[in-house]
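Welcome! Please take a look at the structure below, and then read on for a short tour.

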Amino acid sequence: MLKITNLTVAYGQNIAVQDISLEVIPGEILALIGPNGAGKTTLVRAVSGLVSPQSGQITVDDQAIADIPSGERARMLSVVPQARHMGGAFTVEQAVMMGRTAHMGWLGRECQDDRDAVKLALEQTNLKDFAHRSISKLSGGEQQRVLLARALAQSTPVLMLDEPTNHLDLQHQTSLLSLVRQLAQEKQLTVMMALHDLNLVSFVADQVALIVNGLLQCVGTPPEVLSSENISQAYQIPVDIVSHPRTGSPIIFPQGIVKERD
Amino acid sequence: MDAISKIVFTPAPIPACSPASSPMLRNRPFIFNILLLLAALIFSIALGAVYIPPGKILKILADQLPWVALEPDWPNSSVAIIMAVRLPHTVLIAMTGAALASSGAAYQGLFRNPLADPYLIGVASGAGLGAVVAMVLNWPTELGGYYLIPIAAFIGAILTVLIVYNLARVNGLVPLTTLILAGVAVGAFTSAITSYLMLTSDDQIYRAIAFLLGGSPMAGWNPVLAALPYMLVGMGLLSISGHSLNVLQFGEDEARQMGLNVDRAKIYIIITASLTTAVAVAFSGVIGFIGLIVPHIVRIIWGPDYKRLVPISIFLGASSLLVADMLARILLAPTTLPVGIVTALAGAPFFLWILRRAKREVFW
């Protein structure tokens, strides 16, 4: 279980997130939403130990992550970074194997456990046929799957994703998120992800946390949080919310781009 | 939920892999490179004013072993030439090439920058300054004095790399332009101090140092013996840093999230690479571009995995500098060119080629 208690993070004088408390249980996905610069990425960075909080606590299974060394932390908690172009001529298999760093010694010698974990991660992300291809020659969606596979190979109970669907097309967005959904249920992973696309939120998340200006506005199930009132206020733009005809989940249309016809 | 979980990835067809042109070259990097190095070593000993055939060299060398006694069918002068001149020279050149290439590979990985080279980033100049300070204060006359020079060079190298790194860093990254600019500026500054120190020293030392810094390695066994322990430690430690270098290629943040102790890894690599560079500079002077070219060739042929890249660079670096040194001895024979001139002649165009490639991000 991932538990964030009264977390405040500041970069110098600028407070990035303030007094945030959240809880995610195994098998559950928490989506962080909010405008650009709201503090979603900072939250992910703080939980993964890249920035130390000014105050508050982050615990995984009641162990404070601030107290444990980076190697051990990486066995509890893995991160899928934001989609971006990756250079380097490593093969997919080599890149995913590096997710095993926390389980290896200084020399990076692979043992059977490492090879098994990599094989499983490549299977789960459907990358087996890509194993010996160079990552720099993959498409954006494929590269993002490599980053997911690398995090899965890390074999941690907590998985965090920082806007994993940026720059991905519709098919790759949905297939990546459905895979995360499936793994969260099957392997009882505790998942926290920052998401940009509000309409993907109700497909993937059990809980949604809306963050604006570093403050937690509300947290709850997607229908609770994704109200036109909440979203309009957070994004400073009027929105219409309709129900998905089949699933009933909320779909958000910014009013500015909906053409008026009369 | 059901609808989207049915969407599956359909992998694009994989292009058929073209068979490696030379399986021995590609699949057996260490065997290939050891054979190449042995050939380079033998020919480096063979070449000179008096040509000594490789067969003779092997016999003479074997005869030096305490438990081997061969019937001599060679002139005594050949033994003297090999043992007093060519063998120590060849060993020093090989060690220097190995050191510059492996530390170049490590700097490239550490800075995630294809143009990092001990010479271009100013570390070699810093090591040169350290070495010259030691030599001006106390010109080595016996082995004990030689051991001190690499330590002074190491201090110069580590100070330079820290200054250049901090000058060049922008938002946690070390971009190509700032790295080279900071390297050139700091290199020019340390070279100026070095020149000043040389000018104020006495004539004999001035000439010796000028010769060395011009890229002409020291002669005799003393520099070889003094360099050997530092080289073994430095390159041994560099060879096992490959995994850290690999993980660092994803950037420091991701490396941390993957569980690498990033600060420890960086300090380890800076110290070992600077030590290795410093020893090479202390006894062989400033020889540019080997640390740039060799890791690139290794990367192109054998891939980017630093676990192999660093050790292969050690072997290929040794052979490459031996070849450059043979050219330096042959091109204007009987005059011997400083080997640094040959590496610069070959390396500068190569540097420009990489610069153009780096823009297109083929390898990085």
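This is a predicted model: local features need pLDDT of at least 70, side-chain atom pairs count only at pLDDT 80 or more; totals for chains, interfaces and linings use all residues.

Let us turn to the domains. Chain A is assigned domain 1 (1–76 + 156–236) and domain 2 (86–154). Taken over C-alpha atoms, the centres of domain 1 and domain 2 of chain A are 24 Å apart.

How do the two domains of chain A meet? In the contact between them, 15 residues of domain 1 of chain A touch twelve residues of domain 2 of chain A. The table gathers some values for this interface.

| Item, domain 1 and domain 2 of chain A | Value |
|---|---|
| Area buried between domain 1 and domain 2 of chain A | about 1,200 Å² |
| Share of that area from carbon and sulfur atoms | 68% |
| Salt bridges across the interface | zero salt bridges |
| Polar contacts, both residues at pLDDT 80 or more | four residue pairs |

On the side of domain 1 of chain A that touches domain 2 of chain A, strand S7 (158–162) and helix H6 (170–186) of chain A each supply at least two residues. H6(A) gives the most to this side, with five residues. Sorted by class, this side of domain 1 of chain A has ten nonpolar, three polar and two charged residues.

Definitions and conventions:
Residues are numbered from 1 along each chain as its sequence is written. Chains are lettered from A and ligands numbered from 1 in the order in which they are written. Side-chain values use heavy atoms; hydrogens and water are left out. Domain bounds come from an automatic or database domain assignment. Contact means heavy atoms within 4.5 Å. Buried area is the accessible area (1.4 Å probe) that two parts lose on being put together, summed over both. A salt bridge is a side-chain nitrogen of Lys or Arg within 4 Å of a carboxyl oxygen of Asp or Glu. A polar contact is a pair of N or O atoms within 3.5 Å; within protein, one must be able to donate a hydrogen and the other to accept it, and residues adjacent in sequence count only if both atoms are side-chain atoms. Helices (H or I, at least four residues) and strands (E, at least two) are DSSP runs, numbered from the N terminus. Ala, Val, Leu, Ile, Met, Phe, Trp, Tyr, Cys and Pro count as nonpolar, Asp, Glu, Lys and Arg as charged, and the others, Gly among them, as polar.
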